[in-house]
Amino acid sequence: MSVEIEEKAAPVRDPRRPEPRPLPLVFERSGEGKVGYSLPPLDVPAVIAIPERLCRKEIAGGTQISEVDVARHFTRLSRLNFSIDQGLYALGSCTMKHNPRTNEEMARLPGFAASHPLAPEELSQGSLELAWRLEQILAELTGLPRVTLQPSAGAQGELAGILMVRKALEKAGRARTTVLIPDSAHGTNPASAHFAGYKVKELKSNARGTIDLDVLEAAMTEDVAALMLTVPNTLGIFEDRILEIARIVHAKGGYLYCDGANFNAFVGVAKPGLMGVDVMHMNLHKTFSTPHGGGGPGSGPVAVCQALVPFLPRPTVERRADGTFFLDYDRPDSIGRLRTFLGNFGMFVRALSYICAYGNRIGEVARVAVLNANYIRAGLAGVYHLKYDAPSMHEVVLSDKKQVDLGVSNVDIAKRLMDYGFHPPTISFPLIVHGALMIEPTETEGKPVLDAFVSAMREIARECVESPDLVRTAPHTTPVKRVDEVGAARNLILRWKP
Amino acid sequence: MKFLPTSDAERAAMLAAIGVKTIDDLFAAVPQAVRQAPDLPPPMSEIEIRRFVGGMASRNANARDTAFFLGAGLYNHYVSAIADQMLYRAEWLTSYTPYQPEVSQGTLQSIFEFQTHICLLTGLEVANASLYEGASALVEALLMAERLSRGKTRAVLSAGIHPEYRETVCTYFTNLGLEIVEAPLGKDGATDANALNVACDERTFAVAVQSPNFYGVVEDWNVGSAAAKAKGALSIAVVAEAISLALLAPPGEGGADIACGEAQSLGVPMHNGGPLLGFLSCRSEHQRQIPGRLVGQTKDADGRRAFCLTLSTREQHIRREKATSNICTNQGLMALASNIHMSLLGKEGLREVALQCHAKAEYLKAEIAKLPGYRIPHSGPTFNEFVVEAPEDAAPLLSRLAARRILGGVALSRYDALDRRRFLVAATEMNERAEMDGLVAALAGRAS
């Protein structure tokens with residue numbers, strides 16, 4: 001969501017505080033002769049056995065900086081970020097939950113962090129076992145027989161899933177051209193279907209915000225490869241007629257794809273395999289607590305039904321009768337590879353550690369996540385407009401409809417929430433709710449935090465009536481004021497120049 | 001449970017406020033037929049998790065407890081302690097994608113700095129906020145070139161590109177109506193310039209060459225660029241060992257339009273193959289077709305310098321099926337690690353690491369070449385990795401070495417059944433001379 005900022009007079013300064021200055025870039029801290037590293041002396045003859053024309057002279061503009069300056073630079077920079085450890089992220093469909101530190105410690109064990117996937121099999125049994133165990137657990141949680149861990153993130157998982165569907169259909173002599181996607185879906189769904197070579201047909205949601213069975217029935221022809229369905233959908237609504245949806249799709253020989261971005265709503269409570277789902281990606285960085293890290297890395301395993309097993313990406317991790325593990329490259333019907341090596345292995349370690357902590361009680365995650373979202377809904381439904389009032393699962397989508405006439409938009413409300421110490425909700429989608437405020441608290445927020453969030457949102461609603469300018473010009477207390485995003489796109493500066 | 005801060009009493013109060021009796025009432029929309037509790041073991045304590053997961057870690061060899069010479073697109077380099085410790089800071093670790101710039105200036109400025117480092121190293125004008133890893137970065141670069149070509153359908157790939165990268169390109173291209181033509185290597189181990197020219201035709205949208213190539217041989221970027229330019233295609237430079245950029249001529253100087261690949265070597269541990277750090281940079285005339293996230297400099301309402309994600313109309317959350325890529329995440333935390341590492345080493349340190357890698361590999365190559373029965377098949381210059389031809393099958397030989405805690409290289413039979421006796425050996429600044437002498441002695445005695 002872009003924000004345009006009008007030029008205006010310099011703000012009144014508080015004479016007690018010196019003018020805050022933006023942090024210099026690391027390049028601007030650099031100075032000739034400063035050093036931030038040390039290496040052992042070279043213990044072999046120094047040579048350059050590469051013709052000079054293939055070599056460079058120097059890295060013009062590269063830094064020269066001490067470790068002290070680096071420590072201070074990145075510590076100060078970090079303090080400009082909001083993070084889960086500071087407070088609630090209301091972001092919908094992002095599942096910003098607590099990131100347990102046990103997981104970080106486990107992922108950094110030298111046996112994982114300093115190991116190489118091309119080491120001989122007999123010296124890689126630990127990592128192969130870990131991948132195999134995580135696959136078993138994800139298969140159990142989804143109720144589907146096999147899982148690939150290879151996709152680097154959710155969007156790549158979507159692509160992998162749709163490519164497997166495509167190959168299965170082609171192999172059966174039933175090549176098709178179209179994928180159905182509801183209008184409430186996340187943008188990666190149509191983009192992934194497109195990169196798998198499919199046309200996208202959008203399904204209009206019904207008045208409840210769910211799949212209209214008549215619309216689906218009409219659209220579901222024998223030219224449709226799959227329906228990509230987010231469960232619960234991005235409105236936080238569970239498709240209560242999921243079994244009929246699956247029947248309609250299967251009756252025409254199509255596959256039911258489940259976008260598992262919202263798995264946190266029912267993990268450990270219900271199984272997609274029992275719903276008739278044939279293929280489903282998960283986001284380890286959402287449901288299974290691996291850190292978002294300011295935008296990645298993610299990991300997007302895909303669970304598949306028996307019919308799709310031959311098409312899994314290569315290699316798969318297998319266990320022999322003697323209990324040893326190996327990589328199986330001999331899979332002639334595989335869709336191939338989506339990336340190098342085995343996937344984001346460090347995320348596998350974290351996710352497995354996380355699941356171990358819950359074990360057979362992992363359903364508590366979903367139960368409390370749903371409780372929390374409904375508690376927020378109960379606290380805010382009268383204050384902000386609720387377009388779809390079907391029961392909410394793990395998230396609730398409100399909108400700015402009541403505030404828009406006061407000249408305040410969802411962007412303004414989101415920015416003002418920062419002043420109250422919360423990360424704003426998602427405001428850029430779902431596209432079917434104009435001025436959306438999409439809120440997913442996750443299970444790792446307690447009642448006092450939720451109460452504080454609800455009261456902040458109610459306070460802002462009051463401000464929208466009594467002092468709308470205060471909201472329109474927010475945020476006021478963040479490290480920078482409202483950022484000119486339109487200006488950034490108009491006058492592109494994408495790097496520092498020496 | 002320790003990650004669930006709500007007490008039973010609080011739950012009861014919340015249920016009352018919602019107006020339901022039990023949490024189960026909130027799941028009414030979920031049909032009974034699809035509900036099932038998972039068959040998993042009981043919860044583990046932190047002590048038990050450390051024991052269980054730590055036990056698996058101990059069954060892996062790693063670069064700290066072996067003599068380590070594995071590479072093939074993933075390298076054991078020095079990472080400063082401060083780079084990893086900085087990643088533990090919650091403000092970096094537990095923050096979200098910086099869609100809200102007012103509370104994300106740390107992440108945004110760090111990405112802006114990372115973009116700058118990549119531009120300086122590759123000699124190009126614009127770099128994105130990072131991609132998953134090297135293979136998918138090449139896919140994204142090719143798809144970008146295809147969009148810019150407006151209708152051309154052929155990509156020419158050097159056979160020196162990492163085989164897992166080429167396999168990934170095949171996976172993505174299969175259903176898009178795009179053709180891949182492979183240009184073979186010459187006897188020196190570098191891409192055959194004539195074959196490259198022959199493979200390029202008017203339908204070609206891109207020519208991609210990797211340097212150092214998969215077999216370690218340093219390529220001349222100008223060869224790929226000349227072949228591309230002759231047919232109006234874009235030249236793509238692929239880099240799988242990014243520390244080489246500190247010593248070798250940057251892609252931008254060699255006429256490349258796009259550089260892409262794997263930057264793991266620049267501050268990211270091997271992580272058993274992931275998470276890694278894909279990168280992509282290009283000439284500014286092509287910046288509007290660049291895939292993935294991009295950070296730009298702007299101002300805040302008070303006129304102070306600030307940063308934000310920009311050109312987002314290229315991306316899937318706005319453009320849906322018409323987006324430049326389906327990619328959503330970047331490798332945020334790895335890009336941060338790399339920014340810290342590149343900043344610390346700086347222009348001098350990166351070059352010194354590259355020089356040490358090269359000198360050590362040259363020493364090792366010369367020593368192995370002296371061994372009876374062993375041969376270095378390629379005459380072309382190499383950077384820090386090279387192919388060895390053994391007097392016997394390489395895979396069992398390397399297994400015998402491994403039993404003596406020497407990870408002596410990657411058998412090429414994994415990628416090409418005809419290369420039974422060949423293996424790839426990599427050396428970095430982490431290898432001591434004694435270790436290298438140990439490898440040479442083990443190879444000489446065939447690790448009996």
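1. Start with two helices of chain B. Helix α6 (residues 134–149) of chain B packs against α7(B) at an angle of about 50 degrees, and their axes lie 8 Å apart. Helices here are DSSP runs of H or I with at least four residues, strands are runs of E with at least two, and both are numbered from the N terminus. Axes are lines fitted to C-alpha atoms, for helices over the stretch in contact; angles run from 0 to 180 degrees between N-to-C directions. α6(B) and α7(B) are therefore oblique to each other. Angles under 35 degrees count as roughly parallel, over 145 as roughly antiparallel, 65 to 115 as roughly perpendicular, and the rest as oblique.

2. A word on the source. This is a predicted model, in which local features need pLDDT of at least 70 and side-chain atom pairs count only at pLDDT 80 or more, while totals for chains, interfaces and linings use all residues. Residues are numbered from 1 along each chain as its sequence is written, and chains are lettered from A and ligands numbered from 1 in the order in which they are written.

3. Back to the helix pair. α6(B) passes α7(B) in a right-handed crossing. A crossing is right-handed if the near helix is turned clockwise from the far one by less than a right angle, and left-handed if anticlockwise. Which residues of α6(B) and α7(B) meet? On α6(B) they are B:Gly134, B:Ala135, B:Ser136, B:Leu138, B:Val139 and B:Leu142; on α7(B) they are B:Glu164, B:Tyr165, B:Thr168, B:Val169 and B:Tyr172. Two residues are in contact if their C-beta atoms, placed from the backbone, lie within 7 Å. By class, this contact of α6(B) with α7(B) has 7 nonpolar, 3 polar and 1 charged residues. Ala, Val, Leu, Ile, Met, Phe, Trp, Tyr, Cys and Pro count as nonpolar, Asp, Glu, Lys and Arg as charged, and the others, Gly among them, as polar.

4. Now the sheet of chain B. Its 7 strands form an open sheet with mixed pairing, in the order β2-β8-β7-β6-β5-β3-β4. Two strands pair if DSSP finds at least two bridges between them. β2 (126–127) and β4 (179–183) of chain B are the edge strands, each pairing on one side only. β5 (residues 204–210) and β6 (residues 234–239) of chain B are parallel and share 5 bridges. B:Gln210 has B:Val238 in β6(B) as its bridge partner. Helix α7 (residues 163–173) of chain B lies across β3 (154–158), β4 and β6 of chain B, and runs at about 160 degrees to β4(B).

5. Chain B has two domains. Domain 1 covers 67–78 + 346–444, and domain 2 covers 82–340. Domain bounds come from an automatic or database domain assignment. The C-alpha centres of these two domains of chain B are 27 Å apart. Their contact uses 24 residues from domain 1 of chain B and 25 residues from domain 2 of chain B. On the domain 1 side, α11 (332–369) and β11 (385–389) of chain B each supply at least two residues. α11(B) gives the most to that side, with 7 residues. The side of domain 1 of chain B that touches domain 2 of chain B has 13 nonpolar, 9 polar and 2 charged residues.

6. Chain A also has a sheet. It is open, with 7 strands in the order β1-β7-β6-β5-β4-β2-β3 and mixed pairing. The edge strands of chain A are β1 (146–148) and β3 (199–203). Neighbouring strands of this sheet are turned by 25 degrees against each other on average, direction ignored. β6 (residues 279–282) and β7 (residues 302–304) of chain A run antiparallel and are joined by 3 bridges. There, A:Val279 has A:Val304 in β7(A) as its bridge partner. Helix α4 (residues 125–142) of chain A packs on the sheet and touches β1, β6 and β7 of chain A, its direction making about 120 degrees with that of β1(A).

7. α4(A) has a helix partner too. The axes of α4(A) and α10 (residues 345–358) of chain A come within 10 Å and cross at roughly 55 degrees. That makes α4(A) oblique to α10(A). Their crossing is left-handed. The residues that meet include A:Leu130 and A:Leu134 in α4(A), and A:Phe348 and A:Leu352 in α10(A). The contact of α4(A) with α10(A) divides into 10 nonpolar, 1 polar and 1 charged residues.

8. Last, the two chains together. How many residues does each chain give to the contact? Chain A gives 175 residues and chain B gives 164 residues. The side of chain A that touches chain B has 99 nonpolar, 50 polar and 26 charged residues.
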